[in-house]
Amino acid sequence: MNEINHKTVFVLDHTPYFGISCESPIDCDFIKSKVAVPPISKSLWTCAVEASVEYCRIAYDLFPVGKLIRFVVSDTAAHIVNTWNTNTQSLTHILNAMSMVGVPPRQTQASDYSVIHGLRAAIEALAEPTEFQKEQLAVHAKSDCFKLINRGRVICITSARDDASMKSLEDIFRTVLVQQNAISAGHKEYINIDQCHLVIINLYPANMESMVSNRALIEISPILLSEIHSNKANTISNKLTHLILPHFDLASTTVTGIPMKEEQNASSSANYDVEIFHGRTAHSVFLGTELVLPHSLKDGSDYETVTLKWCTPRSCGSSEMQPCLAQCRVTPVDVTSRPSSCLINFLLSGRSVLLEMPKKSGGKITSHLLSAHGGEIFIHSLNTARSCLEDPPAISEGGGGRVTDYRIKDFGALMQQHRLVPLKPLPERQPDEHLQKMRGKLARNSRYWPLTLGRTVLYNVRHFVEPLLQLTQKPELSEEEKMLCLKSIYNLSQLEERQEVLALPNMGHRLKGNKKEEQYRLLWSELETIVNCNGASPAHKAIVGCIRECRRMYPSADGADPYDKTHGGTAEGGVAAAAAAAADAHRASVIRATTDSPMSPPHSMGGTTGTAGASGGATAGGGSSGGTGGGTGAEATSSSSGTSVTLAVGSGGVSVGLLGARGTMGSGKKGFGSGGRSLLDVLASTERAISQKRIDFSGRLCTPSGQVAKLYSHVGAKDADGGGAAQGRPADVK
């Protein structure tokens, strides 16, 4: 109970100014009187007392113990209304004391009326320990390391001329707070104030304009927070009703569609709405994606309320009870209204009411239950997911369970990877050093971990990316491990290029018709998420960049290319385009280095790249490899705007070079790679074109350059030996 709302002190200004009318007339009608009664109007003092007492009622209803509220009336001196003793913490005691205080006199000759007397008394009240704090001090009296945290809130309802007067009031309060802490240090009956929240409400009649402006919560000093609200007297009740929500962490719920019989006509009924306050936990426990709390702004107020629909009431028997996630006390906002009274009496009679809320996918779901226990009304947040009592999930085939695709082996491997063994304590070893490291590792590797195979695409095709899933769990990757991960990514990209359908189980709502595009879109997205969660090293970032380049060839779910920004015409777009070109070249080179054999012939893309780079304004040498003896590496050179990548693969030391250059368009022509097609696209299209061509005959392929190819080489040799060619012989085929 060390929260700041454990102690609350109301300081009510009882100066003569608060005896004036609030200028909000109330019409009164008397049934048996024929004489017209003029409208009446409350005083500022009456408005302040009613609003503060209503604040107190809500707090007492929802928190029977632990939340204490004191009242201080300030005029020529400070008058203490009640103490921290629980016997004085009741509405009856407070109202009786306020009736004795009465409305402040309108005319008086005394000049020492001030609200500062009450603020001094409020600070002294915060320094006094409550019964709970006294018990804590007694229990830990012999402990040197125990420190009691004393925090509280002061709500001052007063009236000031302008902002300068409010600033002066805050300065005086801060000075008195520091002085009180100095006194508490040498006084056994007082305790130090560690934090104080000052809320100043400026009150003025409804027909006037205030020179005091509202100000949000700010930090005046390390131990003092302050905020200012300026309100008309007839709206002070709504302001305090709004402030109590964050002060005590409450939420508002409006129950709609409550059928009630009319008081004048019992044969007919109408639907009414009742607003209730309760703990915020009743709403915050719903974190699922299928549920949407219908928030709306309440009329005449500046706070939100959740609207839930009334369902058919039921008797509150043990067989009707449902498992719930949270339970909070409730209290009606307008306790004197007839609909609120009917609802409270209905629930106290032993009936329970179910409340409905809408779902994202359409329809409604029963989310809350109103029921009374021991004379107190509670709101229960029902479990909207699978009930552990009705449908227990089964790991293996068994009665009562429908979930059978848990990742059991993966979970066992996860436990094996994060298993701890006890170590002998050593003086030079810090305690819990390895425990903290393992916690960090476990948090990193379990940040994204689907429980079932039906909720993941990647782990159903893990044989394609198995090295990547294992290696990226390390905090750092070597160059060889990085290349293995890139190879897995490019192999997966080739599967997508060939439009192979992934063999997946029934994915439920995750896939729309099991389309190939949807499968690969989810696969790339899941792969990028896992690598991002596993680490942030340069190797991890390079792998993530490679994944994004592979995803770039295929549009996102909305049909747009998420990487279109790299093809813009701005300066930023040019830089991004150069980086994308380097990634394209790197990607294509890795494909060749991991798929071609060391004795592969020179690739047709070597000359194309060099030509394209030259047309873009960069000088490049085409890639080549040694035909005999193997071992000559390819070199690629480009200007400052280009990027050269050289990879060494195989035992023979054969290196494959590939250039991705994006120079300045000096000639006005579009450089290679600056459009929508990447190097991999060009590579794939070139290979398809070559495969569709007719295979040339062996004579031309084996004939050295500069000599004439012969279709029948042995026939030509015999004719030469016989002394000449026959007359009329056709020319050799060229």
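Which helix gives the largest share of the lining of the largest pocket?

Hello everyone. What we have here is a predicted model, where local features need pLDDT of at least 70, side-chain atom pairs count only at pLDDT 80 or more, and totals for chains, interfaces and linings use all residues. Residues are numbered from 1 along each chain as its sequence is written, and side-chain values use heavy atoms, with hydrogens and water left out.

Now, back to the pocket. By pocket I mean an open set of points on a 1 Å grid over the protein atoms alone, where a 1.4 Å probe fits, with protein on both sides within 12 Å along at least five of seven lines; lining residues have an atom within 4 Å of a point. A volume is the space filled by probe spheres set on the points, which are joined across faces, edges and corners. The largest pocket comes to about 660 Å³. It is lined by 30 residues, and the closest to its centre are E54, S237, N238, V333 and D334. Two or more lining residues come from each of helix 1 (44-62), helix 6 (236-247), strand 9 (269-279) and helix 8 (338-348). Helices (H or I, at least four residues) and strands (E, at least two) are DSSP runs, numbered from the N terminus. And there is our reply: helix 1 provides the largest share, five residues.

Domain 1 (7-248) and domain 2 (251-382) each contribute at least three residues to that lining; the bounds come from an automatic or database domain assignment. By class, the lining has 11 nonpolar, 11 polar and eight charged residues. Here Ala, Val, Leu, Ile, Met, Phe, Trp, Tyr, Cys and Pro count as nonpolar, Asp, Glu, Lys and Arg as charged, and the others, Gly among them, as polar.

On to the second largest pocket, with about 570 Å³ of space. Of its 23 lining residues, T158, S159, A160, R161 and S165 are the closest to the centre. Helix 5 (163-185) gives the most to this lining, five residues, and strand 5 (195-204) supplies at least two.

Next, salt bridges. Side chains of opposite charge can pair when their charged atoms come close. We count a salt bridge when a side-chain nitrogen of Lys or Arg is within 4 Å of a carboxyl oxygen of Asp or Glu, and the structure holds 17 of them.

One joins K147 and D194, at 2.9 Å from N to O. These partners sit 47 residues apart, K147 in the loop between helix 4 (131-139) and strand 4 (151-158), D194 in the loop between helix 5 and strand 5. K147 is exposed, at 53% relative accessibility; exposed means over 50%, buried under 20%, and partly exposed in between, using a 1.4 Å probe and protein chains only.

Why about one helical turn between D171 and R174? Because they are three residues apart in helix 5.

D302 lies in the loop between strand 10 (295-297) and strand 11 (304-310), while K239 belongs to helix 6, 63 residues away. K239 is buried at 12%, and D302 is partly exposed at 45%.

Finally, R407, D410, R462 and E466 are linked in a salt-bridge network.
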